[in-house]
Amino acid sequence: MSLFRGVDHVGVGVADMEAAKAFYGRVGFSDVRFDYTGPVPGPDREARVVMLSNPGATPVGAGGIKLVQVLDGEGPPPAPTGGGWGELGICEICLHARGVTDVHRSLVAAGAGSLMDPLTAAVDPNDVSLDIAYVADPWGGKLELIEWTGLWHSLPGPARAEGVNHVAFGVKDMERARAFYEQLGFTEMLFESVDFFEPMAPWYPSGPPDQHMIMLLSSQGAGIEPVVLDPEGPDCRGEWGHIGPFDFAVGVTSLERGLEVLRGMGVETGEPVTLDVGGGEWRYASFRDPDDLYVSLVEARY
Ligand SMILES: [Fe+2]
């Protein structure tokens, strides 16, 4: 088993935890792994953190969602503004789904806004087919729905959103990001696109930029989708815990061994943190990726 286990979860900042739990529960993230309120070292904030997983998750949608409500200071920092998609920062959570059209319809009925109607496409260089749609959660966070029909046949059963398939984020330098994350186990490139994805055009108020995106998979866990825009647009990293998707964690079998690898790469890392989350431990350490995004290693013991 490899040390790195792909993306374990994506963090979403919320202002109303109960409303967010209810919405994401309807999306399928009904399993509360822990519900913690207290100090969160690393970012050094007081917060309520609810770690959710989807009992219907499959190997192509293995990631969970971490809801974070910042409690100290002014409360949850506001969502960064002025971005469309792919500016510096976390811009999207993608859920694998069985039956994208039906899931899109059911999420809109559950309070999400439609951002892109379902469509079918295929991506280079492996000509992998997919069904895709986008919704916004009630707080504006972008949720992509994908069924990788050319990669995976979903398990039987009704249409449903499964777990997180990948997290998308803007970077400044694609080769630098790729070389960095390859060392953290994201070694397989599922697709690369340098053509503007036309259905996203309405998302860019000042006109569509050039887009370069790739999707990198680890042998386990969820994948990553770094994006470079030209022109690059506003810095949408925001503060830790801001409303909307704001961070992600890479799973490791051993936090200490993972930190050794990062330090060997010359990466600045925080100290390992172990929090008692009632019946388990949340073990993580924060680090700075080349674009100073909010990323952590997590050794899940919950
Ligand atoms: Fe995506």
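Which residue of β16 is the bridge partner of G251? The bridge partner of G251 in β16 is V298, and the legends below set this pair in its surroundings.

The model is predicted, with local features requiring pLDDT of at least 70, side-chain atom pairs counting only at pLDDT 80 or more, and totals for chains, interfaces and linings using all residues. Residues are numbered from 1 along each chain as its sequence is written, and side-chain values use heavy atoms, with hydrogens and water left out.

View 1. Strand β16 covers residues 294-301 and runs parallel to β13, to which 5 bridges join it; helices (H or I, at least four residues) and strands (E, at least two) are DSSP runs numbered from the N terminus, and two strands pair if DSSP finds at least two bridges between them. With β15, strand β16 runs antiparallel through 8 bridges, and one of the pairs is E281 with R301. The hairpin of β15 and β16 has 5 residues between the strands, and D292 there takes a positive phi near 60 degrees.

View 2. The protein chain is divided into domain 1 (4-78 + 241-301) and domain 2 (89-230), with bounds that come from an automatic or database domain assignment. Their C-alpha centres lie 20 Å apart, and 41 residues of domain 1 are in contact (heavy atoms within 4.5 Å) with 41 residues of domain 2. The area buried between them is about 3400 Å², of which carbon and sulfur atoms give 71%; buried area is the accessible area (1.4 Å probe) that two parts lose on being put together, summed over both.

**View 3. The salt bridge of D291 and R176.** D291 forms a salt bridge with R176, the closest N and O atoms being 3.0 Å apart, where the term requires a side-chain nitrogen of Lys or Arg within 4 Å of a carboxyl oxygen of Asp or Glu. Across the interface of domain 1 and domain 2 the rule finds 1 salt bridge.

View 4. Most residues other than glycine have a negative phi, and most peptide bonds are trans. The bond from D124 to P125 is cis, with omega near 5 degrees, and P125 is placed in the loop between β6 (113-123) and β7 (128-136). A cis peptide bond also joins D230 and P231, with omega about 0 degrees, and P231 lies in the loop between β12 (223-230) and β13. D44, in the loop between β2 (31-40) and β3 (45-53), has a positive phi near 55 degrees.
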